[in-house]
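Visitor: Could you walk me through this one, starting with how the helices pack and then the charged pairs?

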Amino acid sequence: AQRDFVKVYGIILVASSIATFARSQIIIQGGARCSEKMFYDMTTRVVRAPMSYFETTPMGRILNRLTYDVEILDITLSQSMTMLIIATGWFVTGIVLQITILPWNVFVLVPILAIYWLLLLFYRKSATDLQRLDAVSRSPVQAILSEGKNHYKCIKFQLFIFTCINVAKISFFFSGMDGSSTIKAFGRIKFFEDQFKNTLDGNTSAMMNFLAAQRWLGVRFQIIGSFVVLFAGIFVVAYNGVLMIDTGLIAMLIIWSASFPLLLNFFSIGMAETEACMTSVERVKEMAELPQESEFETELEFQPESEWPSDGNLIFDDVCLRYRPGLPLALKGLSFTAKPGQRVGICGRTGAGKSSISVALFRLAELDSGKIILDGHDISKLELADVRGRKNGMCIIPQDPVLFSGSLRECLDPWGQSSDDEILEALTMVKVVDA
């Protein structure tokens, strides 16, 4: 007889192991593929988003989506889904076993499950929004950090906060201090410290409210779950002479009844955390649907010659430009001609439209009307690959020098279009390398 029990136990163990392995593989691999695709779609959209998006969107919000929300997709969502599947299995198993062993339990379980469902619905109305508040309140924290406050007292405090709440990676903190010298020069260290602490208080308040709501629900589940154990024990003690239930089955009933409050709590937490994690999916999906700039590759019928532009004859013909719909025109009917080899200087007061000419020329914003013709080609008919980054094409020297991470060669020739001799010649001409 014991050998038969061992065989059944072995079969159950093997089946459980196979099911657990299959569940883990499906969730982990499926979650990784889903996260990878959503991250790729989001980053592609962000990189190709128009300049108006970056002018109207705080950098902290973009960083929050690319760090915290992606971390939720990569790790937390898969863990929550796994926990929800496990909790669902245990929950259904517990109900079926209790009703099978003691059918009278159905009169207790039905009202308890009804109360449980009402509590869960009440909790879900606020839990998702509390999680969303937590995610949204992280953006100002990262925005302030990106402004850079790197004096000694604030460093220790911020590193401690990073360790506790995991707002961002430590490397991000040390790479986001570009504004620290300006803050120190104007004596605004205390102001930014207070602003950062107030913003951090708002973020931790949102998280504490979310955790408090979880404990509110957990306490009530413990209370209603204890009634299952109470009534199961009363039925067995008072009516076992009538029910004639085997001792082993009574022990199983008491064990599953005693663990029923834990099952309720486990199932509700799994459902709540999974639903809360879906707010990150919602936010990433929103960013993956950003408006885009024009296509990158030019159609064959408008493809310019390989040596274009060869002369540099530039014509602005009644150009009107606004940065975003609803804003006033930055350029109003601008017309001029810059002949090949001619040097042109543009003077004007702040806001006169000097930089707007470069914006129009490189199509950082599309024209409202008019056209810009360079060596016989209307640049509005060309796509961005021919307007920006074309070898021997239009170039711009920014006001602020920028060096990207990597070698000097990668900064000077990111697309690998020039030889080493050409790069050395350019460095020699600007006196960076001795002749």
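Predicted model: local features only at pLDDT ≥ 70, side-chain atom pairs only at ≥ 80, totals over all residues.

Visitor: At what angle do helix 1 and helix 10 pack?

Guide: Helix 1 (residues 2-47) and helix 10 (residues 260-287), both DSSP runs of H or I with at least four residues, pack at about 40°, and their axes, lines fitted to C-alpha atoms over the stretch in contact, are 8 Å apart.

Visitor: Which residues of the two helices make that contact?

Guide: With contact meaning heavy atoms within 4.5 Å, helix 1 contributes Met38, Met42, Arg45 and Val46, while helix 10 contributes Val281, Val284, Lys285 and Met287.

Visitor: Switching to charges, how many salt bridges are there?

Guide: The structure holds twelve, each being a side-chain nitrogen of Lys or Arg within 4 Å of a carboxyl oxygen of Asp or Glu. One of them pairs Asp69 with Arg65, with the closest N and O atoms 4.0 Å apart.

Visitor: Is Asp69 buried or exposed?

Guide: Asp69 is buried (under 20% relative accessible area, with a 1.4 Å probe and protein chains only), its own value being 0%, and Arg65 also counts as buried at 9%.

Visitor: And what does Lys285 pair with?

Guide: Lys285 meets Glu289 in a salt bridge at 2.7 Å, N to O.

How values were computed:
Residues numbered from 1 in each chain as written. Heavy atoms only, no water. Axes fitted to C-alpha atoms, helices over the stretch in contact; angles between N-to-C directions. Buried < 20%, exposed > 50% of the residue type's maximum accessible area, 1.4 Å probe, protein only.
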